[in-house]
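Me: I am new to this structure. Can we go through it in short questions and answers?

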Amino acid sequence: MTDSSPGRRSILILSPWPSLFSMGRGGTPITADLVEALLAAGYTLDFVAPENPVWNWMPDHERLRVHRFRDPGAFVPGHLGRSVALLLRTVKLTLKSLGVARGHGRPGLVYAFSSHAIPAGVCCGMLFRRPTIGALFGTFLYPYLGRRVELLRRVDEVLAFKAPLDRLVILNDGTRGDEVARALRVPEERLRFWMHGLDLDACSAAMGASARSELGLSERPLVVSTSRLVGWKHVERILRAAPAVLTECPDAEFAISGEGPEREALEDLARELSIDHAVRFLGPLDRDVNLRLIASADVFCALYDFSCVGVALLEALGCGVPAVVADTGATRDFVEDGVNGFVVPPDDTSATAVAIGRLLADGELRARLGREARLRAEERFLRPEERSALELETIADLADVKRRAG
């Protein structure tokens with residue numbers, strides 16, 4: 001292929017998601033922060049992403065070119081379906097990227113988001129003879145280390161760790177991705193292990209701008225959960241604790257934001273438990289609204305498997321909202337029991353209800369834990385610009401090494 005590339009200031013980004021955010025205009029901001037930082041630094045981006053008629057938001061920028069492909073999805077259930085979908089997605093992403101390169105020249109670097117796109121990223125890096133970065137936004141593998149059959153069932157993720165990338169960026173979201181990388185013998189020089197960047201200024205602004213009124217919520221004691229409504233997030237654990245909370249605090253309200261395949265089952269469960277009068281399912285919210293919802297909460301609750309350290313938890317702590325979280329993954333690295341929240345066994349409905357009830361009933365305790373949550377966020381968490389600077393430095397270093405080698 002003729003190299004008509006604009007040079008190392010051009011980056012090809014491969015994504016399995018149609019939007020910069022994981023939920024339309026909501027969800028994790030890492031990809032959006034990275035794209036904004038790259039554009040601000042003068043890079044030209046070719047962003048290859050699947051078609052979607054609804055969740056397809058991208059910023060309008062002259063140096064951001066978006067190229068859509070039709071994602072195959074897992075049309076066969078189970079592990080076989082996921083493997084076939086990965087193979088087809090890899091082929092489609094690679095072919096689409098070849099077409100992009102024919103029209104705009106070879107990129108200076110390839111950046112692939114998640115295990116769903118990393119194999120295609122490796123193919124493109126080899127075809128274009130360019131450095132390649134892969135990004136993993138956490139991992140499900142830690143509980144299965146040493147169990148070969150279970151790892152084979154998650155071969156897409158194992159392949160992402162083992163792929164011959166120049167750099168593997170793993171999100172420190174409490175799922176112990178650094179330990180998985182070491183167990184799977186990822187060379188240390190390839191590995192970058194960074195946490196979310198937290199915008200504390202946005203948190204401060206949200207603390208003074210409640211979202212309750214615009215979302216139709218009352219001024220009653222409010223428990224907030226915000227996530228994709230998928231099985232491993234276990235929002236049903238919160239609902240099962242709610243009856244005991246409502247017995248002690250009858251005017252409490254539970255707000256659930258997010259969308260996903262579990263929503264209908266969760267709504268049915270709320271009716272079965274006779275708590276539907278106290279539970280509001282808000283659907284997916286724009287990021288600024290969701291942040292103001294979190295800041296409006298008296299208690300933030302996350303009872304996930306693997307880890308509870310999503311961006312929503314960090315935002316809750318940054319907004320000075322005490323959290324009730326499950327003792328999974330490395331969650332205790334972020335929430336210390338009785339200091340900036342409460343940590344409970346993941347399936348202990350009684351302990352969850354007691355922790356939520358204590359915070360709702362005791363304003364002084366709530367304020368004390370909230371102050372400590374904000375203080376620790378200020379002292380320990382990366383800012384978005386710090387996280388972006390790490391990414392930009394890594395990208396510049398790879399481009400510089402490639403140029404010297406050439």
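**Helices, rings and charges**

The cover over the buried residues of α10 includes α7 (200-207), β8 (222-226), β9 (253-257), β10 (279-283) and α11. Keep in mind that this is a predicted model.

Me: How many of the 10 residues of helix α10 are buried?
Reply: Helix α10 spans residues 287-296 and is mostly covered. Its buried residues include Val289, Leu291 and Ile294. Arg292 and Asn290 are on that list too. The count of buried residues in α10 is eight.

Me: Why is α1 described as largely enclosed by the rest of the structure?
Reply: The buried residues of α1 include Ile30, Leu34, Val35 and Leu38. Thr31 and Ala32 are also buried. Helix α1 is largely enclosed because its buried residues number eight of the 11.

Me: Which residue just after α1 takes a positive phi?
Reply: Helix α1 covers residues 30-40. Just after this helix comes a residue with a positive phi of about 95°. That residue is Gly42.

Me: How many aromatic pairs does the count come to?
Reply: A pair of aromatic rings is described by the distance of the centres and the angle of the planes. Ring centres must lie within 6.5 Å to pair. By this rule the number of aromatic pairs is nine.

Me: Are the rings of Trp17 and Phe137 stacked, edge-to-face or tilted?
Reply: Their centres are 5.5 Å apart. Planes under 30 degrees apart would be stacked, and those over 60 edge-to-face. The planes of Trp17 and Phe137 are at 50°, so the pair is tilted.

Me: How many residues apart in sequence are the parts that Trp17 and Phe137 tie together?
Reply: Trp17 lies in the loop between β1 (10-14) and α1. Phe137 lies in the loop between β5 (132-136) and α4 (148-153). So the pair ties together parts whose separation in sequence is 120 residues.

Me: Which residues do ring pairs link into a cluster?
Reply: Trp17 and Phe137 have been named as a pair already. Both belong to a cluster linked by ring pairs. Its members are Trp17, Phe47, Tyr111, Phe113 and Phe137.

Me: Over the ring of which residue does the charged end of Arg9 sit?
Reply: The charged end of Arg176 sits over the ring of Tyr142, 5.3 Å from its centre. For Arg9, the distance to the ring centre is 4.0 Å. The ring under Arg9 is that of Tyr43.

Me: What accessible area do Leu87, Val91 and Leu95 have together?
Reply: These residues form a nonpolar patch on the surface. Val91 lies in helix α2, residues 78-104, and counts as partly exposed at 41% relative accessibility. Together the patch has an accessible area of about 290 Å².

Me: How many salt bridges does a search of the whole structure find?
Reply: Arg212 is in the loop between α7 and β8 and Asp298 in the loop between α10 and β11, 86 residues apart. Arg212 is buried at 5%, and Asp298 is buried at 18%. Over the whole structure, the number of salt bridges is 22.

Me: In which helix do Arg387 and Glu391 lie?
Reply: Arg387 forms a salt bridge with Glu391, the closest N and O atoms being 3.2 Å apart. Both residues are buried. They are four residues apart, about one turn of the helix. The helix is α14 (residues 384-405).

Note on methods
Residues numbered from 1 in each chain as written. Predicted model: local features only at pLDDT ≥ 70, side-chain atom pairs only at ≥ 80, totals over all residues. Heavy atoms only, no water. Phe/Tyr/Trp six-rings, centres within 6.5 Å; stacked < 30°, edge-to-face > 60°. Helix = DSSP H or I, 4+ residues; strand = E, 2+ residues; numbered from the N terminus. Lys NZ or Arg CZ within 6 Å of the ring centre and 35° of its normal. Patch = residues over 30% accessible without salt bridge, like charges linked within 9 Å, V, L, I, M, F, W, Y side chains within 5 Å. Areas by Shrake-Rupley, 256 points an atom, 1.4 Å probe, with all protein chains shown as cover. Salt bridge = Lys/Arg side-chain N within 4 Å of Asp/Glu carboxyl O. Buried < 20%, exposed > 50% of the residue type's maximum accessible area, 1.4 Å probe, protein only. Contact = heavy atoms within 4.5 Å.
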